[in-house]
Amino acid sequence: MAAASTSIESGRTSLGGQRVREALVGYGFIAIPMLVYAVLFLYPIGYAIYISRYDWGALGPIEKVGWQNYQDLLHEERFHIAIKNGLKFTLAFTVFSMALGLFVAVVVNNAVRARGFFRSAYYFPSIASSAAIIAVALFLLSADGLFNKVTGLHHAWFGESGTALWAIVGLNSWTTSGTVMLFYLAYLQAIPTEVYEAAAIDGAGAWRTFWKVTFPLLKPGHFFVSTLLVIGGLKMFDQAFIASGGSGGPNNSTLVPVLYVYRVAFYDVRFGFAAAAGIALMLLMFTLTLGQRLLFGRAEAG
């Protein structure tokens, strides 16, 4: 009896030691990637927080100001304009990109002729350079450009404060919808065919099947896609920079948050204040992502 008890105890000890060794091997495999992540992501965030507490010029820290940069940021009018423009752009860009990407995904997911060609054609703008796309669009949407000649309009779409930001929204929604299409295609193809067969037996039409079956089952896809688009929208920089020549004009209409941080850092040479704005933008992204998670989590639970 004692021998059996000793054998069981020895087996437990051996099993526990094996689990520890397996855990150590696993941690060993992820040690280098986590170290790279810490060096490239966590350290810059920490250093940005450190810089943001100084009046930091081109040659380094001038004086320590504590949290004064953050307090000044709350009263900075151009920062408020940048956040407002960024939120407007992000909301419109996210909604249009998701709607267009989902529509195209549903179409090409069906058994249509030349389906492979259409998938590639819709995805192609997503792999093109955004700088090249905005450069071409500046010519096409200028006051005497091809678009105005075809439509009979006379707008300088990137040169007027009422249309500049929305022109960038339309351009980004078109170029990003191909990537959104791929994501939605993956989620569409993961939906079991049995649910569509059941809907067909119940006599549901195409629209009712989409709204009552397909759309609710895509909730994980909605969360994933919307999170990527919100973060990408708030990080938009290159097209606003090129369209406005780096000024954020006309009349601050294309002054988005990252362009504001760029101008404060490299035009005003206020690296501490720019770092504070960058940290505030990161916190805004985190808050919106958390809000999306709570929204989709509650919807899924309901």
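**Largest pocket, fold and local geometry of the predicted chain**

In this predicted model, the largest pocket is lined by 21 residues, of which I45, A48, G278, I279 and M282 lie nearest its centre. Helix 1 (2-51), helix 12 (257-266) and helix 13 (271-301) are the elements that each give two or more residues to this lining. The greatest contribution comes from helix 13, with 9 residues. The volume of the largest pocket is about 630 Å³. A pocket is an open set of points on a 1 Å grid over the protein atoms alone, where a 1.4 Å probe fits, with protein on both sides within 12 Å along at least five of seven lines; lining residues have an atom within 4 Å of a point. Grid points are joined across faces, edges and corners, and the volume is the space filled by probe spheres set on the points. The lining comprises 19 nonpolar, 2 polar and no charged residues. In this classification Ala, Val, Leu, Ile, Met, Phe, Trp, Tyr, Cys and Pro are nonpolar, Asp, Glu, Lys and Arg are charged, and the others, Gly among them, are polar.

Residues are numbered from 1 along each chain as its sequence is written. Local features need pLDDT of at least 70 and side-chain atom pairs count only at pLDDT 80 or more, whereas totals for chains, interfaces and linings use all residues; side-chain values use heavy atoms, with hydrogens and water left out.

The chain has a mean pLDDT (the predictor's confidence in each residue, from 0 to 100) of 86, and 92% of its residues reach 70 or more. Confidence is lowest in helix 1, at a mean of 76, and highest in helix 12, at 95. Where pLDDT is low, the predicted coordinates should not be read in detail.

The chain contains 13 helices and 2 strands. The radius of gyration is 26 Å, well over the 19 Å that the globule rule gives for 302 residues, so the chain is more spread out than a compact globule. This radius is taken over C-alpha atoms, and the globule rule is 2.2 Å times the number of residues to the power 0.38. The C-alpha trace spans about 95 × 70 × 35 Å along its principal axes. Helices (H or I, at least four residues) and strands (E, at least two) are DSSP runs, numbered from the N terminus.

Of the 302 residues, 34% are buried (buried means under 20% relative accessible area, exposed over 50%, partly exposed in between; 1.4 Å probe, protein chains only). I32, in helix 1, counts as exposed because its relative accessibility is 62%. The C-alpha atoms of I32 and G205 are separated by 53 Å, and the two residues are 173 apart along the chain.

Strand 1 (residues 54-57) and strand 2 (residues 60-64) run antiparallel and are joined by 4 bridges; strands pair if DSSP finds at least two bridges between them. The two strands form a hairpin with 2 residues between them. Y54 has K64 in strand 2 as its bridge partner.

Most residues other than glycine have a negative phi, and most peptide bonds are trans. A cis peptide bond, with omega about 0 degrees, joins G249 and P250. P250 lies in the loop between helix 11 (238-244) and helix 12. The loop between helix 11 and helix 12 also holds N252, which has a positive phi of about 60 degrees although it is not a glycine. V269, in the loop between helix 12 and helix 13, has a positive phi near 55 degrees. V269 is partly exposed, with a relative accessible area of 36%.
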